[in-house]
Amino acid sequence: MNLALGPSWLDPNHLINTYGLWGVLLVVFAESGLLIGFFLPGDSLLFTTGLLVASGTLHQPLAVVAALIAVAAVVGEQTGYWFGRKVGPSLFSRPESRLFKMENIEKAHAFFERHGPKAIVMACFVPIVRTFTPIVAGVSRMNYRTFATFNILGGTLWGAGVTLMGYWLGKIAFVRDNIEVILVLVVLVSVVPVGIEFLRSRGKAAAAAGEMDPDAPAPGPHAGPGTEMASATAPRGGRHRAQKR
């Protein structure tokens, strides 16, 4: 059974059988907040871990496994946050960089000020996004207390939740025989809230851009460039005074 969409050494079964629970915790830590961890298996690894606990392959108690995984996820995100907060500004201050721009910092800061709590929790359930979200939160200097609170909430719900789901659903024969399909469905469901929020934000932005001042005069058909600016800045009656002179 290969659940990794990549090299065989990324297969959750291979990782667990080779490195045990410590390997799972290390992968969860790296995938939750280190730049190099975005390609690592997350959901599939946790689901498989719960499944192997249910089958007795992993001999540790379920509660201990779920708690340790949740801690690894939270600590990983904390590391990503402080990395972004301490190192990020120096990266984004390079004028020659096309990727690291202060413009992106300002946008990220505004995003987290508006959607911060929801963004931190939802990002935990979205592959790749959960790796970069705490880093961006740190770079944009999101309020640490807010980040830490929802980081603990999101990391616990994801780390322990997916593991428990693998444990409970792994006892069902249909799930065991169709794990890849189940995991794809889990990822799709986790992306739905983000998609809804994205469409809602785009709708609000389009509505705001489409608003026009009903009292503003429309430019004439032969108005040349700068006509509107000239009419807006010229004092009333100025044209008549010019004619009198």
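Helix H1 spans only 14 Å between its end C-alpha atoms, whereas a straight helix of 20 residues would span 28 Å at 1.5 Å a residue; the expected span is taken as 1.5 Å times one less than the number of residues. Helices are DSSP runs (H or I, at least four residues) numbered from the N terminus. A kink of about 120 degrees is present in H1, centred on Tyr19, the bend at a residue being the angle between axes fitted to the seven residues ending there and the seven starting there. The model is predicted, with local features requiring pLDDT of at least 70 and side-chain atom pairs counted only at pLDDT 80 or more, while totals for chains, interfaces and linings use all residues. Residues are numbered from 1 along each chain as its sequence is written, and side-chain values use heavy atoms, with hydrogens and water left out.

The largest nonpolar core comprises 28 residues, and those with the most contacts inside it are Val24, Val28, Leu46, Ile69 and Trp158. Such a core is a set of buried Ala, Val, Leu, Ile, Met, Phe, Trp, Tyr and Cys residues joined through side-chain atoms within 4.5 Å; buried denotes under 20% relative accessible area, exposed over 50%, and partly exposed the range in between (1.4 Å probe, protein chains only). Two or more residues are given to this core by each of helices H1 (12–31), H2 (43–55), H3 (62–92), H6 (144–169) and H8 (179–210). The most is given by H1, with eight residues. Apart from this core lies another, of seven residues, among them Phe112, Ala119, Met142 and Phe147. When residues up to four places away in sequence are not counted, Ile69 is in contact (heavy atoms within 4.5 Å) with Val24, Leu25, Val28, Leu46, Thr49, Gly159 and Thr163.

In one of them, the side chains of Glu31 and Arg130 meet at 2.8 Å, N to O. Glu31 belongs to helix H1 and Arg130 to helix H5 (residues 129–139), so this pair ties together parts that are 99 residues apart in sequence. Asp43 also forms a salt bridge with Arg130, with the closest N and O atoms 3.1 Å apart. Because Asp43 lies in helix H2 and Arg130 in helix H5, parts that are 87 residues apart in sequence are tied together.

Four aromatic pairs are counted. Rings of Phe, Tyr and Trp (its six-membered ring) pair if their centres lie within 6.5 Å, and planes under 30 degrees apart count as stacked, over 60 as edge-to-face and the rest as tilted. The ring centres of Tyr81 and Trp82 are 5.2 Å apart with planes at 90 degrees, so this pair is edge-to-face. Tyr81 is buried, with a relative accessible area of 0%, whereas Trp82, at 34% relative accessibility, is partly exposed. Trp82 and Tyr144 form a tilted pair, at 5.1 Å centre to centre and 45 degrees between the planes. Trp82 lies in helix H3 and Tyr144 in helix H6, so the pair ties together parts that are 62 residues apart in sequence. Tyr144 is partly exposed, with a relative accessible area of 32%. Ring pairs link Tyr81, Trp82, Tyr144 and Phe147 into a cluster.

Notes:
A salt bridge is a side-chain nitrogen of Lys or Arg within 4 Å of a carboxyl oxygen of Asp or Glu.
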